[in-house]
Amino acid sequence: MNHILKPRLEAPSLDALYDRVSSLIPPMEWGAFADDIAAIQRLKAEKNAVILAHNYQTPEIFHCVADVTGDSLALAREAQNVEADVIVMAGVEFMAETAKLLNPSKTVLIPDSNAGCSLADSITGRDVRLMRERYPGLPVITYVNTSADVKAESDICCTSGNAARIVKSLGVDRVIMIPDEFLARNIAKETGVDVVTWKGHCEVHERFTPEEIRHWRDAYPGLVVLAHPECPPEVVAEADFSGSTAGMSDYVATADGRRVLLVTECSMSDNLAIQHPKVEFVRPCNLCPHMKLITLPAIRRALETMTTEVTIDPAVADRARLSIERMLAA
């Protein structure tokens with residue numbers, strides 16, 4: 001199940017929105033947010049716009065201005081269904097590109113064009129072509145955390161939520177899986193398929209260590225550890241559960257009265273703490289510097305100025321779109 005919200009037909013009042021986040025955001029801090037939130041709600045109605053927000057966005061965005069929330073797979077699917085002229089991606093650039101690929105006739109905005117991704121930056125389309133030459137005949141599975149140029153050189157995309165299923169669906173003994181080395185190694189262990197990897201890493205998840213997980217377990221007896229599969233395999237081996245942000249959200253929904261450690265970007269713990277007040281979250285806080293470029297003022301400015309619009313070369317877009325559509329159909 002994907003944790004998404006359908007676009008709202010009528011914006012809640014500021015008081016109602018604050019009720020959602022008051023357990024985490026103090027009144028003085030809310031005062032700094034309220035003007036931008038009210039302006040964004042008004043601008044969405046004026047521009048016939050919706051905001052898609054990734055699970056790593058901060059609570060004032062995730063709970064107060066987003067129309068659709070979720071992991072990369074949920075946002076990719078829902079991007080096809082939104083009834084709006086304008087999509088604002090409260091996420092990073094590859095997510096905005098994916099929304100544009102699936103909605104070529106819509107205007108897609110990224111509030112800060114510097115919101116990139118260490119994984120997407122680690123590989124180019126030319127790199128993929130060279131890998132095909134080195135490993136002829138192997139299918140190329142590309143993590144959605146990549147540029148449109150890389151997707152265009154690939155056979156099929158995947159997310160952390162469906163990677164194992166995509167690998168198994170191909171029915172082969174060996175694949176190329178790029179660019180996240182750790183995700184590929186974790187999926188290889190799960191599926192038994194031989195995986196040719198690329199040395200790309202997420203700058204948030206690569207920093208977690210097994211020693212850190214053991215430290216938190218010692219400090220908090222009975223702790224339940226949930227790890228994202230972008231973490232190193234030795235970190236995933238220390239966890240009680242490994243899955244996408246949607247998978248972790250599903251797990252937390254059944255964890256009332258327990259202590260939970262999410263080994264992922266720490267804004268997700270904040271968002272889930274609001275939704276699940278009976279769960280105690282232990283926070284080993286690693287922030288994504290790219291996600292944190294997306295702020296309420298940046299979203300407001302994007303809607304006011306209709307910038308920065310995402311554009312993709314049609315010759316690249318047609319091939320990149322095919323790899324995403326294959327993923328969604330698999």
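Is Tyr251 buried, partly exposed or exposed? Tyr251 is partly exposed, because its relative accessible area is 25%. The model is predicted. A search of the whole structure turns up three aromatic pairs.

**Stacked pair**
- Trp216 and Tyr220 have ring centres 6.0 Å apart.
- Their planes lie at 20°, under the 30 degrees that counts as stacked, so this pair is stacked.
- Tyr220 has a relative accessible area of 25%, so this residue is partly exposed.

**Tilted pair**
- Phe241 pairs with Tyr251 at 5.1 Å centre to centre.
- The planes of Phe241 and Tyr251 are 40° apart, and the pair is tilted.
- Phe241 sits in strand S10 (residues 241-242), and Tyr251 sits in helix H13 (residues 245-252).
- The two residues are 10 apart, and their pair links distant parts of the chain.
- Phe241 counts as partly exposed because its relative accessibility is 26%.

**Packing of H2 on H15**
- Helix H2 (residues 27-47) packs with helix H15 (residues 296-305), with the axes 9 Å apart.
- The angle between H2 and H15 is about 30°.
- Angles under 35 degrees count as roughly parallel, so H2 is roughly parallel to H15.
- The crossing of H2 past H15 is left-handed.
- From H2, the contact uses Phe33, Asp35, Asp36, Ile37, Ala39, Ile40, Leu43, Lys44 and Lys47.
- From H15, the contact uses Leu296, Pro297, Ile299, Arg300, Leu303 and Glu304.
- The residues of this contact comprise nine nonpolar, six charged and no polar.

How values were computed. Residues are numbered from 1 along each chain as its sequence is written. This is a predicted model: local features need pLDDT of at least 70, side-chain atom pairs count only at pLDDT 80 or more; totals for chains, interfaces and linings use all residues. Side-chain values use heavy atoms; hydrogens and water are left out. Rings of Phe, Tyr and Trp (its six-membered ring) pair if their centres lie within 6.5 Å; planes under 30 degrees apart count as stacked, over 60 as edge-to-face and the rest as tilted. Buried means under 20% relative accessible area, exposed over 50%, partly exposed in between (1.4 Å probe, protein chains only). Helices (H or I, at least four residues) and strands (E, at least two) are DSSP runs, numbered from the N terminus. Axes are lines fitted to C-alpha atoms, for helices over the stretch in contact, and angles run from 0 to 180 degrees between N-to-C directions. Angles under 35 degrees count as roughly parallel, over 145 as roughly antiparallel, 65 to 115 as roughly perpendicular and the rest as oblique. A crossing is left-handed if the near helix is turned anticlockwise from the far one by less than a right angle, and right-handed if clockwise. Contact means heavy atoms within 4.5 Å. Ala, Val, Leu, Ile, Met, Phe, Trp, Tyr, Cys and Pro count as nonpolar, Asp, Glu, Lys and Arg as charged, and the others, Gly among them, as polar.
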